[in-house]
Amino acid sequence: MRPGVVISELGVRFDIDRQKRPTTPALSRIRRHCTAVWGLRHISGAIEAGTAVALIGPNGAGKTTLLRTIAGVLEPDEGQVQTCGRIGSLLAINAGAMPRLTGRENALLLGVLAGLPRRWTREALDQINELAGLSTAFDRPVSTYSQGMRARLGFAVIQYSRPDILLLDEIHEAIDGEYRRHVEQFARDLQRSGGIVIAAGHDHQELARLCDQALRLDGSGLHPVPGWADGAGAVTADAAGAVTAEDSGAGTAEDSEALAWPR
Amino acid sequence: MSSSSVVLGDERERTARLGAWFEQLLVLTSSDLRSRYGRGRWQLVKWLIDPFALVGVYLLMDTFIFYRRPYAAGLSLACSVIPFQMITMTVQSSLDAVRQRGAILGNMRFRRVLLPFSTALTEACGFAGSLTLLALMIAVYRVAPSAQILWLPVGLVLTLLLGITVAYPVTLIGVWAPDMRGLMMSAVRAAYYLAPGFVTLSTIHGRTQTWVKVNPLTSLFELLRHAVLYRSAPPLWELLVPAGWIIALLLLFVPIYNREQRHFAKLLE
């Protein structure tokens, strides 16, 4: 079965009680005076196999929430997200690693939680270290790692788990140039083999090296960015995500052919 | 494809899923163990300090404050302190379980229903270690083991199961009301004093005894005492009360936990 992501009328709600604490829907029914804020609402679309998509948009547009919902970290409050294929996600700044455990121990934990058999993961730990390029730091507690080292560790585990769908959230901000090329190579190979890559961030130039198509997420929904592959790299990435390749006049809407988005 | 091969395929898939479930529980527990208690031989010492210290303090109180000299006081106390340690440590760890795993919860999907289970299993390692206290007390008071010692594993299993089922509501409380952690720990300590921990059940009379029997800790304490101290078979209620609590907690809170865990990532950071 080919990998795919289908999003229909997706809505993710955040409930906040009167003491300004985030709360769960069940608890918000008990606690009075709770307010609901929609992180995402009425989001629809589909991503087909063999696509690498950059997810851009202003801060607070819901890029991380959307990635987390596709990853299954969050579940929709409205609508649904259907995915087909094994998901590898690097969505948190600490890459899901527990600070008091060593890189090796974290790799085993993350690998098994990602669905790999324990024996395989144990046998592959040195290989994962090689992929991460952590060398002797692999046996040090993760609390001594930089953000980039944590991202390398998380990515190496994902790489070893051979995902069909790769989700990356602002990973470029954490890793160095050499490892960025490594991530790009892996993403290109995954795309070529029919997998899906979805990467969110604000560095459009870096995202353009990783993804040949882009989607802009804002209050009105998800919109394809025509001409991303041709012109986005030349466009200065503004923090609000307002400037797109479309604004630079490059490319056409046909570039977004693998994206089935409502227009 | 014939129907028998479909059934065989389903069976294999179920076995594989169960295997993955078990392996994930194992890695969650072992990582929790390292994260909470560190590594090396001092781990065992850390687990033993608490129950040994507690029995020591209660023995001193018994002797010098209450001037009581009950039969095999240290062994009787050990029978209450060991299950109590399991429950109290599980409660303490469960209150923090989601925050502790926040990094993974925010990054990837996994069987989050295993979190409270693995927390209880982590504390079960300390629980197993504290059994040396029981062995030591049996030796100190020279209590010859009888056939009733076979009730000991039953008591230990019930304690473990109660710890696992208690972990689900407590994990939810840790998420719903993190500022109630202190109150929760006080409630657990109160549960010890509202059970025959310091004294045996036979010294409590009348309606108080009836009420005390409702406390699941009462059954766990008395079950262990029946196995190693009273050397008689426990009455049926000592098995039924904790079993009832375990079933009730399981039926009530595991579904609520399952519904709530979908939103844990929203509460992090």
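The model as a whole scores ipTM 0.85 and pTM 0.86. For chain B, the mean pLDDT is 89, and 96% of the residues of that chain reach 70 or more. Such scores bear on how the model is read, since where pLDDT is low, the predicted coordinates should not be read in detail.

Chain A contains 10 helices and 10 strands. Of its 263 residues, 52% count as buried. Among the contacts in chain A that link residues at least 6 apart in sequence, 70% join residues at least 24 apart.

The two chains touch one another, with 31 residues of chain A in contact with 23 residues of chain B. On the chain A side, the elements that give two or more residues are α1 (25-30), α2 (63-71) and α3 (103-113) of chain A. Of these, α3(A) gives the most, with 5 residues. Sorted by class, the side of chain A that touches chain B has 20 nonpolar, 6 polar and 5 charged residues.

A:L27 lies in helix α1 of chain A. This leucine is buried because 20 other C-beta atoms lie within 10 Å, and 20 or more are required for that label. The C-alpha atom of A:L27 is separated by 9.1 Å from that of A:D15, a residue 12 positions away along the chain. A:K20, by contrast, is placed in the loop between β1 (4-16) and β2 (22-23) of chain A. A:K20 counts as exposed because it has 7 C-beta neighbours inside 10 Å, and a residue with 12 or fewer is so classed.

The backbone of A:K20 also deserves mention. Most residues other than glycine have a negative phi. The phi of A:K20, however, is near 65 degrees, a positive value in a residue other than glycine. A second case is found in chain B, where B:R142 has a positive phi of about 50 degrees although it is not a glycine. B:R142 lies in the loop between α7 (131-140) and α8 (151-176) of chain B. With 7 C-beta neighbours inside 10 Å, B:R142 counts as exposed.

Within chain B, helix α3 (residues 73-95) packs against two other helices, α6 and α9. The axes of α3(B) and helix α6 (residues 114-129) of chain B come within 9 Å and cross at roughly 140 degrees. The pair is therefore described as oblique, because only angles over 145 degrees count as roughly antiparallel. The crossing of α3(B) past α6(B) is right-handed. Residues of α3(B) in this contact include B:Q85, B:M86 and B:M89, which meet residues of α6(B) including B:P116, B:T119 and B:A120. By class, the contact of α3(B) with α6(B) has 6 nonpolar, 7 polar and 1 charged residues.

On the α3(B) side the contact is made by B:F84, B:I87, B:T88, B:V91, B:Q92 and B:L95. The residues of α9(B) that take part are B:R181, B:M184, B:M185, B:V188 and B:Y192. The residues of this contact divide into 8 nonpolar, 2 polar and 1 charged.

Terms used. Residues are numbered from 1 along each chain as its sequence is written. Chains are lettered from A and ligands numbered from 1 in the order in which they are written. This is a predicted model: local features need pLDDT of at least 70, side-chain atom pairs count only at pLDDT 80 or more; totals for chains, interfaces and linings use all residues. Two residues are in contact if their C-beta atoms, placed from the backbone, lie within 7 Å. Helices (H or I, at least four residues) and strands (E, at least two) are DSSP runs, numbered from the N terminus. Ala, Val, Leu, Ile, Met, Phe, Trp, Tyr, Cys and Pro count as nonpolar, Asp, Glu, Lys and Arg as charged, and the others, Gly among them, as polar. pLDDT is the predictor's confidence in each residue, from 0 to 100. Axes are lines fitted to C-alpha atoms, for helices over the stretch in contact, and angles run from 0 to 180 degrees between N-to-C directions. Angles under 35 degrees count as roughly parallel, over 145 as roughly antiparallel, 65 to 115 as roughly perpendicular and the rest as oblique. A crossing is left-handed if the near helix is turned anticlockwise from the far one by less than a right angle, and right-handed if clockwise.
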